[in-house]
Amino acid sequence: MGSVVISLDAELGWGFHDLEDPPDDRVESGRRGWNVMLELLDEFDVPATWAVVGHLMLEDCDGRHADHPAPPGWFDRERGSWRDREDLRFAPDLVTDILRADADHEFASHSFSHVLFGGEETDHELADAELERAIEIADIWDQSIDSFVYPRNDVGHRDVLADHGLSAYRGKSPTRDGVRGVVDTTLRDQSMIVEPEVDEYGLVNVPASMFLFGFEGPARTVAESIWTDPMLELARQGIDDAVDADGVFHMWLHPNNLTSERDDRRMRAILAYLERRRAETDLTVETMADVARRVQGFAGTDVTERIDGQIPASGN
Ligand SMILES: [Zn+2]
Ligand SMILES: [Zn+2]
């Protein structure tokens, strides 16, 4: 049985707050894209994994977070240029919309404040605090967290995820993003099916197959003028691969990638194709948590053996 997974990094301003010069179009499209994606996913009855930045679920804050072990200056933008931009820092309204949607979405985590887990600047204490805080807030909302999407896909401190009882994370894609990925998959005929696997911490790595907005700007405009949308073509191919190979095809995006109606059309076309293939075949849609449950079920006692015996001393 093949399946398709869609995960979304839901972050609003938090995806950009540490950047010197945040891209305006993306920053300002977060709310719009969030609403469009919720509507489209409902329309096509596609449950997705929504990885939400925990801070968005707060009603307000002091802009300091003095008890959070982030590096000095980490929350500067909240107190500085975004002091009056509560729409970028908080979104209990939008998170409520995910939970109330008709589609049976998975509520997942994208950390508390979009700290990068893989770099040296994030030590164990900070990673732990990001998880702890995200889980605390989720708990207030009566939600638990099974899956984690690393900010900027910067995988690290997987032991912390396991310590907090999570079961899955989105691992790096074997396919390169953007134009080079298009070349690999179309010209070299590389499959976009991924193999979810239990790692040495007992977590299920559900690798990404494809970032849906890696082919933008002038190159996209030229490609679309002579051909069709290359990302739509790739997504269709990935969906077909899932059917043919009985494997998992995992697409991901940020709601803020939907900066214009052209982007909405891409998503609509992908979801319409998915709907068609679901109707014609036994293809299913799974969330990351669904995949984790299925894979852990298969792995059985293997998981326990790995947890007992093989945790590397250093971790990462
Ligand atoms: Zn804050
Ligand atoms: Zn992010």
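Is R152 buried, partly exposed or exposed? R152 has a relative accessibility of 38%, so it counts as partly exposed; here buried means under 20% relative accessible area, exposed over 50%, and partly exposed in between, with a 1.4 Å probe and protein chains only. This is a predicted model, in which local features need pLDDT of at least 70 and side-chain atom pairs count only at pLDDT 80 or more, while totals for chains, interfaces and linings use all residues. Residues are numbered from 1 along each chain as its sequence is written, chains are lettered from A and ligands numbered from 1 in the order in which they are written, and side-chain values use heavy atoms, with hydrogens and water left out.

The side chain of R152 forms a salt bridge with that of D18, at 2.9 Å from N to O. A salt bridge is a side-chain nitrogen of Lys or Arg within 4 Å of a carboxyl oxygen of Asp or Glu. R152 sits in the loop between strand 4 (147–148) and helix 6 (158–163), and D18 in the loop between strand 1 (3–10) and helix 1 (24–43), so the pair ties together parts that are 134 residues apart in sequence. Helices (H or I, at least four residues) and strands (E, at least two) are DSSP runs, numbered from the N terminus. D18 is partly exposed, at 30% relative accessible area.

The count of salt bridges comes to 19. One of them joins E200 and R158, whose closest N and O atoms are 3.3 Å apart. This pair links distant parts of the chain, with E200 in the loop between strand 6 (197–198) and strand 7 (204–205) and R158 in helix 6, 42 residues apart. R158 is buried at 12% relative accessibility, whereas E200 is partly exposed at 25%. A further salt bridge, between E136 and R133, has an N to O distance of 2.8 Å. Both residues belong to helix 5 (residues 124–140) and are 3 residues apart, about one turn of the helix. Elsewhere, D240, R276, R277 and E280 are linked in a network of salt bridges.

H55 is buried, at 0% relative accessibility, and C61 is partly exposed, at 22%.

E11, in the loop between strand 1 and helix 1, and H114, in the loop between strand 3 (106–109) and helix 5, are 103 residues apart, and the pair links distant parts of the chain. Both E11 and H114 are buried.

E11 is also among the residues that N256 touches, together with L12, F16, R26, S29 and G30, not counting residues up to four places away in sequence; contact means heavy atoms within 4.5 Å. N256 lies in the loop between strand 9 (248–253) and helix 10 (261–280) and is buried, at 2% relative accessible area. Its side chain and that of R26 are joined by a polar contact of 2.7 Å. A polar contact is a pair of N or O atoms within 3.5 Å; within protein, one must be able to donate a hydrogen and the other to accept it, and residues adjacent in sequence count only if both atoms are side-chain atoms.
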